[in-house]
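Please look over the model shown below. The text after it goes through the contact between two chains, then a ligand site, and then some contacts inside the chains.

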Amino acid sequence: MTAADTVRTIAPAAQVRDAVKVYGSGDTEVRALDGVTVDFPAGRFTAIMGPSGSGKSTLMHCVAGLDTLTSGSAYIGDTELGTLGDRQLTLLRRERIGFVFQSFNLVPTLTVAENITLPLDLAGTRPEPGLIDELIDVIGLRDRLRHRPSQLSGGQQQRVAVARALAGRPDVVFADEPTGNLDSRSGAEVLELLGDAAHGMGRTVVMVTHDPVAASHADEVLFLADGRLVDRMERPTADRVLDRMKEFDGPSRQEARS
Amino acid sequence: MMAINGGRASLRLSVASLRAHRRRFAGTFLAVLLGVSFLAGTMMMGDTLRASFNTLFANAGGGRDAVVRSSDVISVSGKGQGVRQPVDATLVRQIQKVPGVAAAAPDIEGAGQLIGKDGQPIGGKGPPTIAGNWIADSKLNPYQIAQGHAPQAPGQVVVSRGTATRGNLRIGDTTVLRTPDPVRVTIVGLATFGGQDGMAQATYTGMTLGDAEKYLMPRPGDASSIPVRADSGVSQRQLVDRIAPVLPKGVEVITGERATAESQRDVSGQFLSLFTTLLLVFAGIALLVATFSIHNTFAIVLAQRTRDNALLRALGASRRQVLGSTLVEALAVAVIASTAGLFGGMGIAAGLQALFPAVGFPFPSGNLVISTTSLVLPLAVGVLVCVGSALLPAVRAGRTAPLAALRETAVDESGTSRLRAVAGVSGIAAGVALTALGASGTPSVLVTAAGAALTAAAFIVLGPVAAGYAIRVLGAPLARLRGVTGALARRNALRGAKRTAATATALMIGVAVVTLFTVFGASLKATLNQTVSRSFAGDVAVSAPAFGAGGSGLSPKLAPALAKLPQVNTAVGLGKGVARVDGAGRQLTVADPGALGRVLDLGKVDGSLNGLGTQAIAVSSGQAAKHRWRVGSTTTLRFTDGSAQRFTVGAVYQQGDLAGDYVIARQAWEPHRTQDTDTLVAVSFRPGVSAADGKAAVEHTAASYGNPTVQTRAEYAKSSASGINTMLTLVYALLALAVVIALLGITNTLTLAVYERTRELGLLRAVGQTRAQLRAMVRWESVLVAAFGTVGGLGLGAFLGWALVRAADATGATAFAIPPVQLVVVLLVGLVAGVVAGLRPARRAARLDVLRAVATE
Ligand SMILES: Nc1ncnc2c1ncn2[C@@H]1O[C@H](COP(=O)(O)OP(=O)(O)O)[C@@H](O)[C@H]1O
Ligand SMILES: [Mg+2]
C-alpha cells in the first residue's frame with residue numbers, strides 16, 4: 001500500500017466539485033475555472049501548479065471563501081461555502097483557514113507579535129497555551145516581536161505570515177505564491193515552515209506556485225491549465241515537475257484540453 | 001506617448017486628473033461651496049435689508065421737505081440715538097407764515113405699547129413701540145390710513161396694520177395702551193407705512209394731538225419735531241433757508257432728505273452694521289475652518305499621487321508643469337465651487353428673508369438686492385481660499401523627485417519634528433504669558449488679543465506633535481475596551497500625525513469658538529446674577545422693558561401705589577434720564593434716593609442719600625474717583641432742554657451695579673424730563689409678610705398698570721441673564737456651519753485614507769475581520785480625531801474665553817464662570833459628530849472587495 005492510497009481514504013479537509021468561475025460576460029467573458037473537481041486531503045501538503053492565468057489563484061480564492069463560484073460547490077470540511085453569507089464566511093476564514101499571500105501579508109501598524117495573533121484577536125479568543133511561543137521559535141524571530149513589518153526583510157515578513165496562518169490551528173492553510181517575491185534561501189525557509197506545518201503539526205496546506213522547486217516540497221502537485229485540472233503528481237521532484245510543465249508549452253497542451 | 005510641452009499639457013493633465021479624482025474633491029468642493037454660500041448670503045442679505053429700509057424711509061419721509069427740531073441731543077455712549085428735547089409747538093404758527101411753506105404740523109413721538117387681544121403686550125422685544133399724534137396732512141404723515149378713519153376724539157387711535165395683526169386687534173376693538181400709564185383706547189383705523197404693514201417690526205399707535213400731548217409729552221404744547229411741506233416750486237434748500245431765521249436759539253431746521261438719510265443711517269449704522277458684521281465674522285470662521293479642510297485634502301490627494309507625479313517628472317515634465325497642473329486643478333474646483341456658492345448665497349438670503357419675519361425679526365419684504373461687491377468678493381475669497389490652501393501641497397508636488405516613482409510610497413512621518421515641538425510649546429508659553437499680562441491689573445485689550453492670537457496660532461503649530469500624544473492618551477481606553485478593533489483605530493489615527501492634526505484643527509477652531517462664547521456667556525450670566533444678588537436688597541422686582549429696547553417701561557404711578565399696600569415696606573421706582581456731565585452724556589437714575597438704600601445695596605455710602613432734594617446728586621465711588629469728587633464737591637449738569645444746573649455731590653456710594661453711576665431725585669429731574677417712565681420698581685416687604693403673599697399683592701396692584709412682570713429676587717436675577725441665552729442660541733446656530741465644514745473635513749480625510757489603505761483593509765478582511773468590525777474600526781478612528789479636535793478646542797476656547805472676560809473687564813466686577821454641563825455637552829456633541837463623520841467612510845470601507853488586497857500586481 002502506498003502512502004498516497006492511505007491518505008486518499010481520509011476525509012478531505014477541503015474540496016471543490018465541478019467548480020466553474022466565469023469573470024465578465026459576453027465578449028469579455030473569461031472562464032477562469034472550467035469544471036474543476038479536486039479534494040485536498042487532511043494533513044497533506046498540496047501544491048497547485050500551472051501556467052500564468054490558468055486559474056490557480058481563482059481556485060484557491062474560491063475554496064478559501066474569499067470568492068464565490070459561478071457554479072459547482074466548494075467545501076471546507078463538511079461546510080458548503082456557497083450557502084454562507086459574508087459574515088459566516090468571514091468567521092470561517094478567521095477560525096478554520098490560515099492565509100499566506102505573495103506580498104503585503106502584514107498590517108503595517110501592528111507589531112510582529114500582534115500580527116501573529118491578529119485572527120485570534122479579531123475573534124476575541126485566547127491562543128492555545130504554548131502554541132504562539134512555539135511558532136515564534138519555529139520562525140526564529142523572538143528578538144523581533146516588537147518590530148513593525150517595515151523593519152523586517154521580505155523573508156522575515158513571510159515567516160511571520162506563516163506563523164499568523166498557523167496561530168489559530170486552522171483546518172487548512174492556503175498560500176498563494178508565498179515565495180514569489182523571495183530569494184531562494186528565504187524561499188526555502190518559508191517552504192520548510194509550510195512542510196513542517198503539514199508533517200509536524202498535521203495541518204492541511206495548499207500552496208499555489210509556479211516554481212517547480214517550491215512544488216517539490218509538497219506531497220502532491222495538481223496541474224491546472226485553462227481552468228481545468230489536467231494532471232496530478234505524487235511525491236514530486238523539481239525535475240519531474242519541470243518536465244511536466246514543459247509539456248504545457250508543447251503539443252500535449254491540445255491533448256490536455258480535449 | 002504623452003506630449004508635454006508647456007501650459008496646454010498642464011491643463012490637459014489637470015482636467016484628466018480632476019475627472020479621475022472627482023470623488024476625492026467632493027469634500028473640498030462642499031467646503032468651498034458652504035463657506036462662500038454663507039459669506040455671499042450674509043452680504044446679499046445686508047444689501048437687501050439696507051435697500052428695503054432705504055426705500056421704506058424714503059417713501060415714508062417723502063412728503064416732508066423740512067424738519068424743525070431741537071438742536072441739542074444728548075447721547076450716552078453705547079445707548080442708541082440719544083435724547084432730543086421737545087420743541088415748542090406754537091412755533092408751528094410762525095412757520096406756517098413763512099412764504100413757501102404749504103403745511104407744518106407738530107409731530108409727537110413717544111413710546112406706547114399696545115396690549116393685544118390675549119392680554120399680552122405687543123412687541124417690545126427689540127424694535128421700538130412707537131406712539132404719536134396722528135397728523136392730518138397726509139403728505140407730512142408717514143403713515144397712511146388703509147382702513148377706517150383718523151382719530152377724532154380722545155381715546156380713539158389708529159394702529160399700523162402689522163401691529164393690529166400681531167395683537168389680533170380689529171377696528172372697533174377697545175384695548176389698553178401703556179404710555180406707560182395705561183390708557184384705554186379704541187381702534188378706529190388701520191395704517192400703512194411707506195406702503196408696508198409697518199416700519200419693519202416696530203409697532204405704531206396714532207392718537208389725537210390732545211391725547212399725545214397728555215400722555216407722551218412732559219408738558220402740553222410740546223412737540224418732538226415739526227415736519228414742514230413746501231409749496232410747489234420751492235426747493236428743500238430754499239425752504240430751510242427761509243425757515244431758519246424765524247427759529248429761536250436751540251432749534252434747528254434740516255431738509256427732508258437729510259432727515260431721511262439720518263433715519264436710514266440710524267438703522268443701517270446701528271442695527272444693520274452690527275448684524276451683518278456679526279454674520280460676516282461667523283462666515284469668516286467658517287471659511288477659516290474650510291481653509292484647513294481644503295488644505296488637508298489637497299495635501300493628501302497630492303501625497304497619494306506622488307507616484308504619478310514622479311512618473312510624469314521621469315517622462316520629462318518640468319517642476320513648473322507639475323505645479324501648474326496642480327494649481328489649475330485647484331483653480332477649477334475653486335471657481336466651480338465658488339460660483340455654486342453664489343447661488344447658495346442667494347438661496348440663503350432668500351430663505352432668511354422668508355424666515356426672519358416669522359421669528360419676529362425686522363426684515364421688510366421686497367426683492368432680493370445683490371450688489372456687485374456681494375458677487376465679486378465672495379467669489380474672490382472662495383477662489384483665494386481654495387487656491388491658497390492648495391499652494392503649499394502643489395509646490396511640494398512640483399518638487400517630487402523622478403525617482404519617487406520607483407519607491408514604495410512611504411507613510412508620512414513628518415510633522416513631529418523637534419523644531420515644531422519647540423516652536424509650538426514656546427509659542428503657547430509666550431502667548432499664555434502675554435494674555436495673562438494683558439488680562440491682569442489694568443486690562444489691555446490689545447495685549448490680551450495679541451496673546452490670544454499667538455496662543456491660537458501656537459496651538460495649530462503644535463497640533464501634529466500634540467496629536468501623537470493626545471491620540472495615544474485618548475485612545476488608550478479604546479484599545480482596552482474594543483480590543484483589536486480599537487487598537488487598530490488608534491494606530492490608524494496615529495499614522496499621519498500631520499494629517500490627523502490638520503483634520504482635527506478645523507474642528508478645534510470651530511469648537512474653540514463655541515467654547516469661547518459658552519464660557520463668555522456663562523461669565524456674563526454669572527456676573528449679572530452676582531450683580532443682582534449683591535445689589536438687590538428688595539423682595540420683588542417689577543420690571544418692563546424700557547425705551548431703547550422697545551416697550552414703554554413702567555408707570556411712575558406704580559411705585560407710589562405699591563408703597564400704599566399693607567404688605568409693602570418700601571417701593572422705589574427707578575427711572576432713567578440723561579444729562580451731560582463734564583461734556584460727556586451720562587445716564588442718570590431717577591429715584592427717591594432716600595428710599596433707594598432700603599431696596600438696593602449701595603455698599604458703603606459717604607454723606608447722606610436723604611434729602612438730596614433739587615440741589616444735590618449722589619454718585620458712584622468710581623465716578624467720584626474719576627472726577628476727583630468728594631461729598632460737598634459741585635458739578636454742572638446740562639439737560640436736553642438746554643438748561644444747566646449746578647449740583648452738589650450729596651453722597652458717594654460704592655456699588656453702582658443696579659443704581660448706576662448717578663442718582664438724581666425725582667423732583668430735581670422733573671423740570672427736564674421727557675416722557676415719564678420707570679424701568680424698575682424695587683419692593684421690599686414688611687417683616688412677617690411671606691414672599692408668596694407679598695408677591696401676590698404686588699401682582700394684583702400691578703395688573704392695573706399694564707400687567708408688568710413681577711419677580712422674586714432669584715427670578716429677577718435669572719431673567720436678567722435670559723437675553724444672553726438668546727444671544728448664545730444665535731451664535732451656536734451661526735457656528736453650526738463651521739462645525740459641519742470641519743466634520744466634512746474628517747469625512748473627507750477618512751475617505752481618502754480608506755482609499756489609500758485598500759490592500760490593508762482587504763488583508764484584514766481576508767484574515768477574519770468582519771464588516772461590522774471594519775466599520776467600527778473606521779468609526780472609532782473618526783471619533784478619536786474628533787475627540788482630539790474637540791478636547792483641544794475646549795481647552796483653547798476656555799482659555800480664550802477667560803482672556804476675553806478679563807480683557808473686557810475694566811472694573812474687576814466681572815465673574816469668570818466655566819459652565820461644566822454645557823462644556824460636557826459640547827464634548828459629547830463633538831464625539832457624536834465624530835461618529836457621524838465616520839459613517840460614510842466606514843460604509844465605503846466595508847464595501848471594499850477583499851480580493852483587491854489579495855490579488856498580486
Ligand atoms: N477579477 C477578475 N476579473 C476578470 N478576470 C479575471 C479576474 N481575476 C482573474 N481573472 C482572469 O481569470 C483567469 C485566471 O486568473 P488567475 O486565477 O489569477 O490565474 P493564475 O493565478 O493561475 O495566474 C485569468 O485569465 C485572469 O485574467
Ligand atoms: Mg495567481
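Across the interface of chain B and chain A, nine residue pairs are in polar contact, both residues of each pair having pLDDT 80 or more. A polar contact is a pair of N or O atoms within 3.5 Å; within protein, one must be able to donate a hydrogen and the other to accept it, and residues adjacent in sequence count only if both atoms are side-chain atoms. On the side of chain B that touches chain A, helix H12 (445–495), helix H21 (758–766), helix H22 (771–807) and helix H24 (850–854) of chain B each supply at least two residues. Helices (H or I, at least four residues) and strands (E, at least two) are DSSP runs, numbered from the N terminus. H21(B) gives the largest share of this side, six residues. By type, the residues of the side of chain B that touches chain A are nine nonpolar, six polar and six charged. Here Ala, Val, Leu, Ile, Met, Phe, Trp, Tyr, Cys and Pro count as nonpolar, Asp, Glu, Lys and Arg as charged, and the others, Gly among them, as polar.

This is a predicted model, in which local features need pLDDT of at least 70 and side-chain atom pairs count only at pLDDT 80 or more, while totals for chains, interfaces and linings use all residues; side-chain values use heavy atoms, with hydrogens and water left out. Residues are numbered from 1 along each chain as its sequence is written, and chains are lettered from A and ligands numbered from 1 in the order in which they are written.

In the contact (heavy atoms within 4.5 Å), chain A takes part with 28 residues and chain B with 21. About 2,300 Å² is buried between chain B and chain A, and carbon and sulfur atoms give 65% of this area. Buried area is the accessible area (1.4 Å probe) that two parts lose on being put together, summed over both. Arg491(B), Leu763(B) and Val767(B) supply 26% of what chain B buries against chain A, more than any other three residues. Arg491(B) also forms a salt bridge with Glu114(A), with 2.7 Å between the closest N and O atoms. A salt bridge is a side-chain nitrogen of Lys or Arg within 4 Å of a carboxyl oxygen of Asp or Glu. Between chain B and chain A there are three salt bridges.

Turn now to ligand 1. The residues around ligand 1 (a heavy atom within 4 Å) include Tyr23(A), Val30(A), Pro51(A) and Lys56(A). The shell divides into four nonpolar, six polar and one charged residue. H2(A) gives the most to the shell, with three residues. Oxygen atoms of ligand 1 lie 3.2 Å from a backbone N or O atom of Ser54(A), 2.8 Å from a side-chain N or O atom of Ser57(A) and 2.5 Å from one of Thr58(A).

Over all chains, the count is 31 salt bridges. One of the pairs is Glu220(A) with Arg44(A), at 3.1 Å from N to O. The two are 176 residues apart, with Glu220(A) in strand S9 (residues 220–225) and Arg44(A) in the loop between S2 and strand S3 (45–49) of chain A.
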